[in-house]
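I opened a new notebook page for this chain.

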Amino acid sequence: MNFLVNGVRALVFGFHVHVFLLHTKVYKLVLLDLPGLLFFSTYTLLVLFWAEIYHQARSLPTDKLRPAYIAVNSIIYVVQVCIWIYLGINDNAAVELASKIFIVAVSFVALLGFSVYGGRLFFLLRRFPIESKGRQKKLYEVGTVTAICVTCFLIRCVVVALSAFDPDVSLEVLDHPILDLFYYTLTEILPSALVLFVLRKLPPKRVSAQYHPIN
C-alpha cells in the first residue's frame, strides 16, 4: 500500500504541469486528493493492527474492529466520490470548500486513531516487566511510529484547514513547487520512509507443529 500511495503521488508529481492544465477542474482534484486518501487507508490499517493487539491483550472482543475499519474507509471514499461527482456536474466554490474540510476531518480521524491506540498500546507495554523479551524494542517501535504519524496528520490538518479559508496558503498551485515538495515531504514521503525503516524487520515465519528443526 505504501508503494501504491507513493507510486500514484510520483505520477502526479511527474505530470504536475499537465495536471493543472486539465480543462475539467474535478479531474485535477481527484488526482491531487486520491493519494492522500490512499495514505489514510494505509496508515489506519496500522491502527487496526494495534487495536487488535490491544484488545487481545486486555481480553476485549476484536470481532468488530475489522468491520469498523472497512466501514469507516468505505464511508470516506463514498462521500469523497460523491463530492467529486457533484463538482464535475456543478463547479461550486462552497462544495470545494466542503471537500477541503472533509479532508481535514479525515486526517483528524487518523490522528485520533494513532493517539488513542498508539498511546494505549505504548502505556500497556510500559506496564510489562522490564525483563520481558522484546519490551524495549516494541516500546521504541510503537512510540516512534505514533509520534511520526500524529505529527504528519496534524500538519496535514493545519495546512489544509488554512488553505480552505486562505487561497494564498494553498499548495495546490504551480507557483509553489518548493512549498509543495516541503509539505509532501513532511506529510507523506518522510513519514513513509521512517515508518518503513522502524518496522523494517518482518515477524518470523511460523513453524508447523509437526516440524521440529534439528539443533
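**Ground rules.** I am working with a predicted model, where local features need pLDDT of at least 70, side-chain atom pairs count only at pLDDT 80 or more, and totals for chains, interfaces and linings use all residues. Residues are numbered from 1 along each chain as its sequence is written, and side-chain values use heavy atoms, with hydrogens and water left out.

**Fold.** I looked up the helices and strands (DSSP runs numbered from the N terminus: helices are H or I, at least four residues; strands are E, at least two). I found seven helices and zero strands in the protein chain.

**Burial.** I then checked how much is buried (under 20% relative accessible area, 1.4 Å probe, protein chains only). Buried residues are 39% of the 215 in the protein chain.

**Core.** Next I searched for a nonpolar core (buried Ala, Val, Leu, Ile, Met, Phe, Trp, Tyr and Cys residues joined through side-chain atoms within 4.5 Å). The largest one has 46 residues. Tyr43, Trp50 and Phe114 are among those with the most contacts inside it. Helices α3, α4 (65-89), α5, α6 (135-165) and α7 (177-198) each supply at least two residues of this core. Helix α3 gives the most, with 13 residues.

I searched for paired rings of Phe, Tyr and Trp (its six-membered ring), with centres within 6.5 Å; planes under 30 degrees apart are stacked, over 60 edge-to-face, and the rest tilted. The whole structure has seven such pairs. Tyr54 and Tyr117 are edge-to-face, because their ring centres are 6.3 Å apart and their planes lie at 70°. This pair links distant parts of the chain: Tyr54 is in helix α3 (residues 25-57) and Tyr117 is in helix α5 (residues 93-126), 63 residues apart. Tyr54 and Tyr117 are buried. Tyr183 and Tyr184 have ring centres 4.9 Å apart and planes at 70°, so they too are edge-to-face. Tyr183 is buried, as is Tyr184. I also noted one aromatic cluster, formed by Phe39, Tyr43, Trp50, Phe114 and Phe153.

**Charges over rings.** Last, I looked for a charge over a ring (NZ of Lys or CZ of Arg within 6 Å of the ring centre and within 35 degrees of the ring normal). The charged end of Arg120 sits over the ring of Tyr117, 5.5 Å from its centre. Arg200 has its charged end over the ring of Phe197, 4.3 Å from the centre.

Technical notes. Buried means under 20% relative accessible area, exposed over 50%, partly exposed in between (1.4 Å probe, protein chains only).
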